[in-house]
Structures are given as structure tokens and as C-alpha cells.
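Hi,

Here is the structure I promised to pass on. Have a look at it first, then read my notes below.

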Amino acid sequence: MSKNIESTLVENRIFKPSKEFSKKARIGSMAQYQKMWKESVEKPEKFFAREAAELCWQKKWTKVLDWKCPYAKWFVGGKLNVSENCLDRHLDGPRKTKAAIIWEGEPGEKRVLTYQQLHREVCRFANVLKRNGAKKGTRVIIYMPMVPEAAVAMLACARIGAMHSVIFGGFSAESIKDRALDSGATIIVTADGGYRRGAVVALKKNVDDALKAKDTSVKRVIVFKRTGQDVHIEEGRDVWWHRELEYVDANCPAVALDSETPLFILYTSGSTGKPKGILHTTGGYLLHAYMTCKYVFDLRDEDVYWCTADVGWVTGHSYMVYGPLAMGATSLMYEGAPNWPENDRFWNIIEEYGVSVFYTAPTAIRAFMKWGDQWVKKHDLSSLRLLGTVGEPINPEAWMWYHRVIGGSRCPIVDTWWQTETGGHMITPIPGAIPTKPGTATLPFFGVDAAVVDDNGKELGANQGGKLVIRKPWPSMLRGIWGDKARYKETYWSEFKGYYLAGDGARRDKDGYIWIVGRIDDVLNVAGHRLGTAEVESALVSHPSVAEAAVVGKPDELKGQAVVCFVTVKTGKIANKELAADLKKHVRTVIGPVATPDEIRFTDALPKTRSGKIMRRLLKQVAAGEIIKGDTTTLEDLSVLAKLATAED
Ligand code: PRX
């Protein structure tokens with residue numbers, strides 16, 4: 001890995017924060033950032049104790065950090081409640097009547113929930129959860145459209161110490177079932193349906209299918225009425241959200257929880273076929289979400305902040321719900337697609353609500369670029385003051401377009417690198433302090449000791465490509481993989497002693513800026529969504545016609561990576577267009593639309609090493625058209641390539 005990488009950048013300008021921005025920012029100079037960063041890694045206990053004092057604790061901690069690698073405990077002995085920090089503490093002053101959530105439904109409905117109203121809804125729903133058997137530690141699955149009730153359900157769990165596990169609406173019935181089985185959830189909160197690009201997504205039907213076999217521990221399904229479509233209600237198992245509210249009052253004290261109480265499990269893809277339940281806990285997670293909103297988004301009371309991520313991803317957790325609400329900010333939530341009813345829906349929303357901080361993904365930015373500037377120019381975006389991006393490396397062209405066309409060449413861009421596992425931003429510009437370069441997430445956030453190392457764990461010099469590691473614990477780090485201690489150690493902590501292995505390749509330039517190259521494991525990043533190649537492979541081989549499958553990524557202009565599947569069929573089965581279409585459908589059914597293959601390519605054999613390992617590197621080249629050109633469903637004789645390659649081994 002440690003070969004010199006020549007800079008291939010076409011764009012090498014540096015964008016310094018404007019004097020005007022820096023003057024108002026919480027951190028207004030590089031010197032201030034450096035001083036704070038130094039303290040945060042050299043004296044983390046002092047640094048984080050000071051920051052944590054800004055949260056509301058029902059009991060103060062006795063020790064900031066207890067670190068026995070790879071197990072961290074933050075704010076040991078401290079007690080707090082995330083929902084109290086996000087709601088109750090804002091009710092004493094002017095924030096009481098401030099908008100906490102501004103919601104826009106895809107068909108165009110609008111709702112505003114003030115902090116007081118949100119607090120009331122959360123208390124009532126927490127009582128509904130209790131009425132339906134939820135207690136401290138109960139796992140509650142939330143499978144909801146992007147409606148305020150998704151946030152209400154999350155905060156209600158936090159209020160009583162139940163753990164939520166949000167499942168993105170683009171996952172299938174089987175994915176829900178797997179997650180229900182793995183987490184041992186007893187309650188599912190869902191909706192009849194949701195709107196997406198003018199269509200209705202049948203959420204409740206997916207839950208029904210997931211629970212058909214009755215092998216999960218789910219006892220109760222609480223259904224929010226969103227679309228009003230007909231749904232099956234299973235007597236004794238399913239209840240309506242609105243009916244349940246009739247039985248409860250709005251009185252529900254926030255339970256004092258130990259700082260290390262689990263807050264949520266969020267499933268994400270790894271390099272095996274089985275998604276990992278990433279576990280986050282209370283105090284450290286909340287602090288990091290809060291601090292990054294404070295320093296990276298530099299959120300102010302007067303901001304209208306919009307994170308376009310779905311609540312089913314970690315970005316929705318940390319930067320639509322917990323971080324902004326802990327700051328007492330106004331968080332905008334939109335239910336649907338960016339191009340519905342037309343390509344300017346986002347710009348329309350920004351103009352209408354006066355959005356000032358906007359956080360989205362490179363894949364979306366590339367789509368906006370493709371749709372054209374004319375959609376943007378129809379709207380007044382002068383309310384924007386700061387832009388953010390997350391999810392995958394942003395190509396400098398997209399960065400420049402974002403800067404120029406959306407940001408009017410005046411808004412700083414924070415390109416934030418982080419992961420489900422890290423809970424919050426790890427490498428990111430501090431907008432009033434750190435000059436930005438298109439395509440790099442720049443420097444580590446406070447407390448983050450990031451390094452790029454070679455295969456022996458030795459730190460590399462400038463512009464040498466290697467593996468990204470974090471050398472110290474940080475407050476919002478994952479505390480484990482639900483139910484799988486060994487996998488936690490093995491995946492993140494075994495390659496280099498004492499270092500967290502991020503799974504990304506990176507290099508540091510001469511200014512110490514970190515450039516993320518992409519995943520180094522068998523994980524794809526498709527439109528900013530993480531997808532394990534092994535997951536798609538196991539979905540494919542579960543089809544009766546498939547003998548073997550290998551899945552790789554191929555560069556894609558819009559999505560970053562496209563999913564290419566090489567498939568061999570069982571004897572007697574015919575590899576044709578119909579089967580290819582059927583396989584795509586099958587993957588959608590097994591995992592969800594989120595994993596839909598872009599190409600199915602049939603082959604007589606897969607290229608393997610002598611020891612039987614599939615040669616992915618070769619397949620990637622084939623997929624990218626570097627070795628053989630071939631259309632979808634063409635039959636390829638990869639065995640020839642395999643022979644050639646093994647001969648060279
Ligand atoms: O490869 C990195 C990429 O997304 C991965 C994490 O995916 P996930 O856990 O789904 O979380 C996405 C939202 C935090 C990382 O390992 N990634 C995320 N942000 C960036 C990025 N790659 C480059 N630059 C980023 N800003």
C-alpha cells in the first residue's frame with residue numbers, strides 16, 4: 001500500500017475562511033484550532049470534562065475516561081438522559097417556542113414542532129412505549145418514513161432507557177427480520193406507508209412479511225398513520241399510534257441513565273454477509289454529536305439547519321436528531337426525493353425556509369450538477385452560510401460546483417469524514433479556522449488522533465498511501481458489535497495493536513491534510529450507502545439458479561460506485577436477460593432496493609487463486625472495462641483470465 005501517490009488533482013486552489021466568517025465563528029483561527037486540538041489529545045480528560053459540562057447531567061461523573069483497549073467508558077459514574085438534553089433543558093428560556101423540527105412532506109404538507117410541542121409528543125409516546133411493555137434495555141425497531149414521529153420515537157426510547165434500532169425504509173422484509181432476530185427487539189414502530197418520488201412505500205406490509213414466520217421476539221407493532229392506505233392489523237400484535245395516545249398523558253420524567261447505557265444499535269455492512277449491529281451509548285455519543293454541531297456546523301440559535309440524510313443512517317441520527325437538538329437548533333426534515341415533483345425541490349425548500357446550513361452527500365451533488373444550474377438559478381439561496389458533505393470522497397469538480405453554484409462562492413464547505421462506528425465527525429474542516437482544499441476532509445476533529453500507516457502500523461510520510469487508523473479512544477466511538485464481542489475486536493482492533501482500523505485507505509499531504517481514497521475492504525460505497533459485497537453475494541446464491549457469485553464495485557459518475565455481479569449458473573439453468581432481471585429483483589427482495597445490482601454478468605467460471613480465493617482485483621478491472629468489454633448479461637469466459645493470472649502468481 002505504501003507507494004508514493006502522485007497528486008492527480010486538477011483543482012489545487014486553497015480556500016481560506018473569509019474574515020467575516022472567521023470573526024463570527026466559535027473557532028476563528030488556525031492557531032486556536034491547533035491549540036485546542038493539542039489539548040484535546042494530550043489532556044483529553046481536561047478537554048472533554050470542560051466540554052461535557054455544557055450538557056445537563058443528573059449526576060456528575062467521577063472519571064472522564066476508563067480505557068482498557070479496546071473497551072472505553074466515558075464519564076464513568078455520570079448520569080444523564082439524552083432526551084432531557086435535547087428537549088427539557090431548552091424549555092426554560094426563549095427556545096421553548098422555537099422551532100425544533102420543521103417538516104416538509106413530499107406531497108407538500110408542512111408542520112412545525114416547537115421544542116415545547118416536541119417535548120410533549122416525546123413524553124406521550126414514551127408513555128405509549130411503556131404501556132406496550134418497553135423498559136430500560138428493551139430493543140425497539142423503528143422502520144419509519146421521514147416524518148417527525150421517527151424522531152419522536154427515537155427520543156422517546158432515549159427518555160426511558162430503551163434502545164432503538166432504526167432501519168432505513170429502503171431495506172426489505174428479510175432485512176427487518178434479520179435485524180429483529182439479531183437485536184432481540186420486542187417492539188417495532190412503523191407507519192402504514194411513506195411517500196417517495198410520488199409513490200407510496202409499503203412499510204407496514206414489509207413488517208408483516210418480516211414477522212410472518214413468527215420466529216422473532218417481536219410482540220408489538222405500533223403503526224403510525226401517514227398515508228391512510230389499507231393495511232393489515234394483526235389482532236393482539238398491532239396497535240395504532242394515534243389510538244394509543246388516547247390512553248396516556250404527557251407526564252414522563254426523563255430517567256437518569258448511566259453514561260454508558262446503550263442508546264442505540266445501528267446495523268451497517270461489513271465484509272461478511274451479516275450486517276454488524278454497531279452499538280452506541282449515552283454520554284460520549286451525545287457529547288460528540290453536540291460538540292461537532294457546535295464547532296463544525298457552528299450552529300447558532302438563528303440558523304435553519306438542514307441535513308438531507310435519512311433517519312435510517314447514522315447521519316440522520318447524529319446530525320438530524322441528536323446533535324442539532326442538543327444544541328437547541330432548528331432542524332429541517334424532508335420526507336421525499338430531491339427531484340420530486342421537479343429537480344429544484346431542494347432549492348425550493350432552502351429558499352422557502354431560509355436554510356442557512358445545508359448538509360448533503362456527494363452523490364446528490366453530482367446529480368444536481370447533472371440536472372443543471374438552471375434549476376438552482378430559479379431560487380434565491382442567499383440565506384445559506386455554510387455547506388457540508390458526507391458519505392464518500394467528494395471529487396474536486398463536484399466540490400467546486402457546490403461551492404460556486406450552491407454556495408455562491410461565499411460559503412465554506414465542511415467535507416466531514418466519519419463512519420457509523422465513529423458516531424460523529426472525525427476528520428473535518430473547522431469552517432472559521434481551517435483553509436479547505438477541494439477533495440480533502442482536511443484535519444482531525446478534537447480528540448481524534450488520526451494517522452496513515454503502512455502494513456506494519458508505521459506512520460507514513462507525506463503523500464504516501466496507506467491505511468487510516470485512530471490511535472486514541474474518542475467519546476462517541478462504538479462500544480461494540482451487538483452480540484459479537486469477537487467480531488468487534490477482530491474487525492477494528494486486531495490489525496494494529498491499540499489502533500482503531502477505519503477500513504479506509506488514505507494519504508496525508510505535506511500540510512497534514514488527510515485525503516480519503518476509499519474502502520480497503522470488501523465494502524462498497526454506493527450513492528453514499530455502505531454495502532457489503534458479501535451481503536449481495538449471499539443474496540445472489542440464495543437464488544435457485546445461481547451456483548456462485550462475486551460482487552465488485554465499478555466507478556460510477558453519479559453513485560461513486562455501481563454494483564457489478566459476476567454470476568455462474570447451476571447446470572441446466574440458462575443464463576439470459578430474463579434471469580438477469582430476475583436476479584436483480586431477487587436482491588431487492590432479499591436486501592432491499594438500496595442494494596439493487598447495476599449489472600449482472602454471467603460467466604462460466606470465476607477467476608480464483610490456487611487456494612480458491614476469488615480474484616476480486618481482476619474482476620474489478622473487468623467490471624471497469626479495463627480487461628474485457630462486455631455488456632450486461634454477456635457470457636464471459638473468466639476462467640481463461642484466471643488461468644493466466646494464477647500462472648503469473
Ligand atoms: O469510506 C468512508 C466513507 O463512508 C464510510 C462510512 O460509511 P457509513 O458508516 O455508512 O457512514 C456514512 C456517514 C458517516 C467511510 O468508511 N465516507 C464517509 N464520509 C466520507 C467518506 N469518504 C470520504 N470522505 C468523506 N467525507
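**Ligand site and salt bridges**

A polar side-chain atom of Thr420 sits 2.6 Å from an oxygen atom of the ligand, a polar contact (a pair of N or O atoms within 3.5 Å; within protein, one must be able to donate a hydrogen and the other to accept it, and residues adjacent in sequence count only if both atoms are side-chain atoms). Taken alone the ligand exposes 540 Å², and the protein buries 96% of that (Shrake-Rupley areas, 1.4 Å probe).

Before going on: this is a predicted model, where local features need pLDDT of at least 70 and side-chain atom pairs pLDDT 80 or more, while totals for chains, interfaces and linings use all residues. Residues are numbered from 1 along each chain as its sequence is written, and side-chain values use heavy atoms, with hydrogens and water left out.

Back at the ligand, Asp504 puts a side-chain N or O atom 2.5 Å from a ligand oxygen, and a polar backbone atom of Glu392 is 3.3 Å from a ligand nitrogen.

Now the salt bridges (side-chain nitrogen of Lys or Arg within 4 Å of a carboxyl oxygen of Asp or Glu): the count is 51. In one of them, Lys98 meets Asp301 at 2.7 Å, N to O. Both residues lie in loops, so the pair ties together parts that are 203 residues apart in sequence. Lys98 is buried at 13% relative accessibility, and Asp301 is partly exposed at 40% (buried is under 20%, exposed over 50%, partly exposed in between; 1.4 Å probe, protein chains only). Glu104, Lys110, Arg345 and Glu352 are linked in a salt-bridge network.

Cheers

Note on methods. Helices (H or I, at least four residues) and strands (E, at least two) are DSSP runs, numbered from the N terminus.
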